[in-house]
Amino acid sequence: MSTGSGADSAPAPTAYDTTPDRKQTMFSSLKIRNYRLFATGQVVSNTGTWMQRIAQDWLVLTLTGSASAVGITIALQFLPMLLLGLYGGVIADRMPKRRLLLVTQAAMGLTGLALAALTLSGHVQVWHVYLTAFLLGLVTVVDNPARQSFVAEMVGPDQLRNAVSLNSANFQSARLVGPAVAGVLITAVGSGYAFLLNGLSFLAPVAGLLMMRTSELHKVERAPRGKGQLREGLRYVAGRPELIWPIVLVGFIGTFGFNFPIWLSAFVDDVYHSGAGTYGLLNTLMAAGSLAGALLAARRGTSRLRILVGAAVLFGLLEVVTAFAPEFWIFAALMVPIGMCGLTVNVTANSSVQMATDPLMRGRVMSLFMMVFTGGTPLGAPLVGWITDTYGPRIGFAAGGAVATLAAVAVGVMLARVGGLRLSVGWHRGHPSVRFVERERLTTAA
């Protein structure tokens, strides 16, 4: 792994990857002991996190009877990432990431335990939930870039793509299990025990971090303290097309294409006139598609930007088609490929950005990536919600898909220009072919 002395020490990678795929098994990075400990801890805490998300929303709805209050809770949890996300990246680049994660994971566990104590004692009020959601968001500002960039230190560059994909598979697996467990707990004993189990679940990642062999970590030089490091990170990304365009694409898709709570709840209520069980089914189908997409991404040896653009185009087109599905079973079935393509976009963008980033800058770059992807939600959701309320669920869903498609096509054109590619339309082995080829090859063929 490169440990250059400055932000510009590593040569800028090309904007497209022409290297052949390496033979790689789906779970190859799990052979590394430190990553195996990390992944085990994360699957436990991720399950607890999904339990708390469901229990938190249900508790707010129970306390207030207001869906707007649920929206405020979600906004408070994402707001710190939007406002302070880049500063979290600066901290992650300056400090040892393993020690930093020990602090952030313990702090996240404490927020769950505090909410459990308030709920189980019968003293919880809605402002308590608002406060803990905001505090959890503040911790996430530092935890997210540190956790994302620490993966490279555990597995090294050869297994980075596989590990990023398995992280997503880990998260999606928890997304399948956590809400179901939370539903049972809330019905049987109340929301407080879901918060309690979430707080205790963070013992697993803390134990995994403590058990790691630090001698087996890939050493990465830390950024020294200094002024202007935030601006330095932004200049670093702005000067590298292979970084800025995937981040721009993820920003558009995260802001306009991932508003599924708004769309699915509107379809269930207004179009299909069904209830919570149908809403849960649609989310489960999408999670299953996301899990399949993560596992398929783990098998690929490369994170080519053409895969990113292609998956993003297909993701947007699928949303437009699904918006006008004539029957419920068609709508439900299309949730699986939508989840698969959406996850492929996220994983491919994440791993390609990490691979193209100098280790000294990785925390700042990944904080920008996560800020753009998740921080856009408070900005895009009100607009998408207004379109959905005003013109109906089908138009709202189709509009989000159309924006995602146009953004993917525009970014694809920009990356092709940067990489010296041109669109070639013709015949290949007796079939019509539309693909990007190098300009020199196109000229020779002509």
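Does Asp143 count as buried or exposed, and at what relative accessibility? At 0% relative accessibility, Asp143 counts as buried, where buried means under 20% relative accessible area, exposed means over 50%, and partly exposed covers what lies in between, with a 1.4 Å probe and protein chains only. The model is a predicted one, in which local features need pLDDT of at least 70 and side-chain atom pairs count only at pLDDT 80 or more, while totals for chains, interfaces and linings use all residues. Residues are numbered from 1 along each chain as its sequence is written, and side-chain values use heavy atoms, with hydrogens and water left out.

The chain as a whole comes first. Its secondary structure comes to 17 helices and 2 strands, with helices (H or I, at least four residues) and strands (E, at least two) taken as DSSP runs and numbered from the N terminus. Of the 446 residues in the chain, 52% are buried. The accessible surface comes to about 19,900 Å², and 66% of this area belongs to carbon and sulfur atoms; such areas come from the Shrake-Rupley method with a 1.4 Å probe, and for residues only the protein chains shown count as cover. When contacts (heavy atoms within 4.5 Å) between residues at least 6 apart in sequence are considered, 84% of them join residues at least 24 apart.

From these totals we can turn to the interior. In soluble globular proteins, nonpolar side chains tend to be buried together. A nonpolar core is here a set of buried Ala, Val, Leu, Ile, Met, Phe, Trp, Tyr and Cys residues joined through side-chain atoms within 4.5 Å. The largest such core has 52 residues, and those that touch the most other members are Leu249, Phe260, Phe331, Met335, Ile338, Phe369 and Phe397. Helix H13, which spans residues 328-355, gives this core its largest share, 9 residues. Phe260, leaving aside its neighbours within four places in sequence, is in contact with Ser265, Met286, Phe315, Glu319, Ile338 and Phe397. A second, separate core of 30 residues includes Tyr35, Ala152, Ala163 and Ala297.

Asp143, with which we began, lies in helix H4, residues 126-155. Its contacts, apart from neighbours within four places in sequence, are with Leu101, Thr104, Gln105 and Met108. With Thr104 there is a polar contact from side chain to side chain at 2.7 Å, a polar contact being a pair of N or O atoms within 3.5 Å, of which, within protein, one must be able to donate a hydrogen and the other to accept it, while residues adjacent in sequence count only if both atoms are side-chain atoms.

Asp143 also takes part in a salt bridge, its side chain meeting that of Arg147 at 2.9 Å, N to O. The term stands for a side-chain nitrogen of Lys or Arg within 4 Å of a carboxyl oxygen of Asp or Glu, and a search of the whole structure finds 3 of them. Because Arg147 and Asp143 are 4 residues apart in helix H4, they are separated by about one helical turn. Another salt bridge joins the side chains of Glu153 and Lys97 at 3.5 Å, N to O. This pair links distant parts of the chain, with Glu153 in helix H4 and Lys97 in helix H3 (residues 97-120), 56 residues apart. Glu153 counts as buried at 12% relative accessibility, and Lys97 is buried with a relative accessible area of 6%. The side chains of Arg213 and Glu216 also meet in a salt bridge, at 3.1 Å, N to O; Arg213 is partly exposed at 42%, and Glu216 is partly exposed at 37%.

Most residues other than glycine have a negative phi, and most peptide bonds are trans. His273, although not a glycine, has a positive phi of about 50°. His273 sits in the loop between helix H10 (260-271) and helix H11 (276-299), and is exposed, with a relative accessible area of 64%.
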